[in-house]
Amino acid sequence: MTGPEGPRGRSRDEVYDDLLRFQAELSFDLEVPFFRLSPKWGTASNVLDLGAGNCYYTRLLAQRFPDKRFVAVEPDGTLTARAAAWIRPYHIDVVSGTVADLPREILFDFVLARHVLSYVDDLEELLDWFAYHTAEDAGLLVLDADDGAFATQPRLPLLERGNEEFKAQVDARGGDRGVIDRVIPLMATRGFAHLWTRQLAVHSDIRDRKYLMLMFMTSVAELDHGSPLPATLRIELDQWSRDPKSFLQYGIVAASFRRITKA
Ligand SMILES: C[S@@+](CC[C@H](N)C(=O)[O-])C[C@H]1O[C@@H](n2cnc3c(N)ncnc32)[C@H](O)[C@@H]1O
């Protein structure tokens, strides 16, 4: 937004809320087949959305699959406060905290972990929790970034530098961007069969995606470089959006599991 004193800055919370919303809108319909291909999804009625952020993605799921009830767990109180705007009138209960804050006897028949396992401090403890709090035959779907599929035309040096810094921050927190490869053997020892792993590329040439991609990239850039964006970045993104030959692609990797033994 531009006023007499130039573009108005947004708070980090506003920017992050938008980032999660644009990211969900960009991929949701392309990710729905991953749910449909997960054996338990069709009959699951009690779904945990782990690390649900602002619950925008949970809301898209609840809209598309009104037969299910969702428990959205999110430790960041700023995001759960924002979730209030998205969850009504859907079947979504939001828990501000971690799985440790859920009732001791709770049992889910499906768990979704979307873009979250690489942020979790104690991954093995969390996977143990899944084993104890899922019904026999429960499904687990893990969705995460596939950095190998990232591509832009032309290159966006300023935006990409921010991305590299973000990855370094995740690594410094003990995170792991290739988390799915790590999770597969860990789930096997907890009684979950790994059913399949699939990849998906989200490309700005897909209908209606280029504008959303620009909005998403602007939010990523504002998180990395501050809001309002420095003019150099605004110019970089503006040129990208006007160039008919430009594109951006990012990758998603999905892994599906089924609980085959009792904990
Ligand atoms: C990139 S966001 C993904 C949000 C949402 N799943 C989505 O796809 O839009 C990752 C979220 O995981 C949350 N998170 C980090 N550690 C967690 C933990 N131990 N348990 C639950 N959520 C966690 C963060 O607070 C953050 O909101």
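Buried residues are those under 20% relative accessible area, exposed ones are over 50%, and partly exposed ones lie in between (1.4 Å probe, protein chains only). Helices (H or I, at least four residues) and strands (E, at least two) are DSSP runs, numbered from the N terminus. The model is predicted: local features need pLDDT of at least 70, side-chain atom pairs count only at pLDDT 80 or more, and totals for chains, interfaces and linings use all residues. Residues are numbered from 1 along each chain as its sequence is written, and side-chain values use heavy atoms, with hydrogens and water left out.

Helix H2 is considered first. In H2, Tyr56, Tyr57, Thr58, Arg59, Leu60, Leu61 and Ala62 are buried. Seven of the nine residues of H2 are thus buried, so the helix is largely enclosed by the rest of the structure.

Helix H6 (residues 179-188) also has buried positions: Val179, Ile180, Val183, Leu186 and Met187. Seen down the axis of H6, these residues fall within an arc of 125°, so they line one face of the helix. The arc is that of the directions from the helix axis to the C-beta atoms. Asp181 and Ala188 are exposed, on the face of H6 turned away from its buried side. The buried residues of H6 pack against helix H4 (123-132), strand S7 (134-153), S8 and strand S9 (247-259). Contact here means heavy atoms within 4.5 Å.

Aromatic pairs were assigned next. Rings of Phe, Tyr and Trp (its six-membered ring) pair if their centres lie within 6.5 Å; planes under 30 degrees apart count as stacked, over 60 as edge-to-face and the rest as tilted. By this rule there are eight aromatic pairs. Phe34 and Trp196 form a tilted pair, at 6.0 Å centre to centre with 35° between the planes. This pair links distant parts of the chain: Phe34 belongs to helix H1 (residues 12-36) and Trp196 to strand S8 (residues 192-203), 162 residues apart. Both Phe34 and Trp196 are buried.

Trp41 and Phe65 form an edge-to-face pair, with 5.1 Å between centres and 90° between the planes. Trp41 lies in the loop between H1 and strand S3 (46-50), and Phe65 in the loop between helix H2 (56-64) and strand S4 (69-74), so the pair ties together parts that are 24 residues apart in sequence. Trp41 and Phe65 are both buried. Phe35, Trp41, Phe65 and Phe110 form one aromatic cluster.

Two of these rings also carry a charge over the face. The criterion is NZ of Lys or CZ of Arg within 6 Å of the ring centre and within 35 degrees of the ring normal. Lys68 lies over the face of Trp41, at 4.9 Å from the ring centre. The charged end of Arg198 sits over the ring of Trp196, 5.3 Å from its centre.

The ligand is surrounded by 14 residues (a heavy atom within 4 Å). The closest are Gly51, Glu74, Pro75, Arg114 and His115. Polar contacts are pairs of N or O atoms within 3.5 Å; within protein, one must be able to donate a hydrogen and the other to accept it, and residues adjacent in sequence count only if both atoms are side-chain atoms. A polar backbone atom of Gly51 is 2.7 Å from a nitrogen atom of the ligand. A polar side-chain atom of Glu74 lies 2.6 Å from a ligand oxygen atom. For Arg114, a side-chain N or O atom is 2.6 Å from an oxygen atom of the ligand.
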